[in-house]
Amino acid sequence: MLDKIKFERFTAFEKLEVKFSPGVNIFVGENGTGKTHILKAGYAACDIVKSKGGFAEKVNNVFYPSGKKIGRLVKRFKGSSKGSLEVVRKLKDGKTISLRLSLSNHTSKPEKATVSGSSKAWTENQMEAAYIPVKDMMANAPGFRSLYDEREIHFEEIYVDILRKAFLPLLKGPTDKSRRQLLESLQEAMDGKVVAKNEEFFLRSEYGELEFTLLAEGYRKLGLLWILIQNGTLLNGSALFWDEPETNLNPKLMKTIVGILLELQRIGVQVILTTHDYVILKEFDLQSEAEDKILFHSLFRNAETGEIEHTSTPNYLDIAPNAIDDTFGDLVTREIQKGMGGGPK
Amino acid sequence: MILREGTLQFDFAGAIEAFKFDEQARELKTYHGLSHCMKAVDFVVEYSDHYLFVEIKQPRTPERYGSDRDKFDLIQDLTKKFRDTFLYRWAEDKLDKPVYYHCLVELDNAQTSYLMKQLKNQLPTEKQPQRWRRPLARSCSVANQATWNATFPNIQASRVAGGAA
């Protein structure tokens, strides 16, 4: 599992170190505070074993800086500057290994960047990971993988990666009980099962098969989660990165989604997500049990330095600053003021 | 004027009078005397152009008002306290200025927003029947301490040590 991540002069961060929970990690913060960058960096480190070019190339593909010039990932600064990204993992035997990428703003290609740390141990101990991006890809699956492999198209690699994972064949052997229960609760929420035919996904229900292009986007997300659980991508020791699960999802489905994320965590999947949504935060607060390992991370800009900092807490009420609650607070204030008309302040 | 309820202290700057409405001390002229049959808000505050009723709820645990049932009971309680206080003030002949009702409930902003909507329906403050010629409360609100302070700069609520009023 991922233990921590450190940035120095990398993308939006001057200096930031975040320690992960082995269970569920929830990142909140206003736009532009680097939530997605943390997810992408963590995911790139997990998925490195699958890519020949190593950590630097994976990071470059996942972030996709302009012209694929990896040096553009160094935080912008007048003149020359160097940046780094370090990810630390804890192996099952308790051993800690790290992987570090160092580069300067002049580094043009990934192979010119320096990768140090326990590269060998890292690749020997594979860590399965899935990254669910904000934009749905399931409806656009037909032909996308081959297009991506054959042509230079302007898509971050996370978009093709998630399709690659969605098309993985089933694991051998029977599905264990905990996964079967998860699949069943997803089937209940979306009223069917997912089937793939000729690179196209369909939702199969008692009314027939509905192609994903005709399916509500929220259900496509549930369908994707169903596939990742069914084909064994999300098993004990794997990690799920999910950028804003709430997008295009009816708030009523959040209860199911959060319940499933908690269950995944209980079977040993590390969950790392970002959100702008009150309902998600509150569902984790309501549904989590004492033994669950939830950590809320709040990213914010220091008012004086303008740099991004963070706080982490296991308690929902202690999230500070809480951009989501602040927004509701502002609404409450304006509602009261409107109700009072021009009355007393 | 400073008043205290539990661990919260309020500074009603510019008030003519501010007092604990359900005063239990017989020797004081603000002694309530009907606590056995009438509910009461925590404070009544008089300003030159309006009265303010204030009720404070500080749940001991965050789960205290978690369920729909608890929230329903809380709204009933806030409503009844307002009505009984309003009636008591009518008998005192102290309804000569508009009345505002502010509740401080220490929950997150999304939940206080929900409670405010329910309270507005119950009093009611916005959808009054055609037959009414005057409102009960001019407006009502539910906010937590941080939002209260951001909304009412002239009524700052601060936390103080100790529990007794």
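Me: Starting with chain B: what percentage of its 165 residues count as buried?
Reply: 34% of the 165 residues of chain B count as buried. Keep in mind that this is a predicted model.

Me: OK. What radius of gyration does chain B have, and why does that agree with a compact globule?
Reply: Chain B has 15 Å, and a compact globule with 165 residues would have a radius of gyration near 15 Å, so the two agree. Along the principal axes, the C-alpha trace of chain B spans about 45 × 40 × 35 Å.

Me: How many helices and strands are there in chain B?
Reply: Chain B has 3 helices and 8 strands. Going from the N terminus, the elements run β-β-β-β-β-α-β-α-β-α-β.

Me: And what share of the chain B contacts with a separation of 6 or more comes from residues 24 or more positions apart?
Reply: That share is 63% in chain B.

Me: Now chain A. What does its secondary structure come to?
Reply: Chain A comes to 10 helices and 14 strands. An open sheet of 6 strands in chain A has the order E7-E11-E12-E3-E13-E14, with mixed pairing.

Me: Which are the edge strands there?
Reply: Strand E7 (129-132) and strand E14 (308-313) of chain A, each pairing on one side only. On average, neighbouring strands of this sheet are turned by 15° against each other, direction ignored.

Me: In what sense do E3 and E13 of chain A pair?
Reply: Strand E3 (residues 24-29) and strand E13 (residues 294-301) of chain A pair in the parallel sense, over 6 bridges. Val24(A), for one, has Ile294(A) in E13(A) as its bridge partner.

Me: What about the overall dimensions and burial of chain A?
Reply: The C-alpha atoms of chain A fill a box of roughly 65 × 60 × 40 Å along the principal axes, and 41% of the 345 residues count as buried. The radius of gyration of chain A is 21 Å, which agrees with the value near 20 Å that a compact globule with 345 residues would have.

Definitions and conventions. Residues numbered from 1 in each chain as written. Chains lettered and ligands numbered in written order. Predicted model: local features only at pLDDT ≥ 70, side-chain atom pairs only at ≥ 80, totals over all residues. Pairing = 2+ DSSP bridges. Helix = DSSP H or I, 4+ residues; strand = E, 2+ residues; numbered from the N terminus. Axes fitted to C-alpha atoms, helices over the stretch in contact; angles between N-to-C directions. Rg over C-alpha atoms; globule rule 2.2 N^0.38 Å. Buried ≥ 20, exposed ≤ 12 C-beta atoms within 10 Å, placed from the backbone. Contact = placed C-beta atoms within 7 Å.
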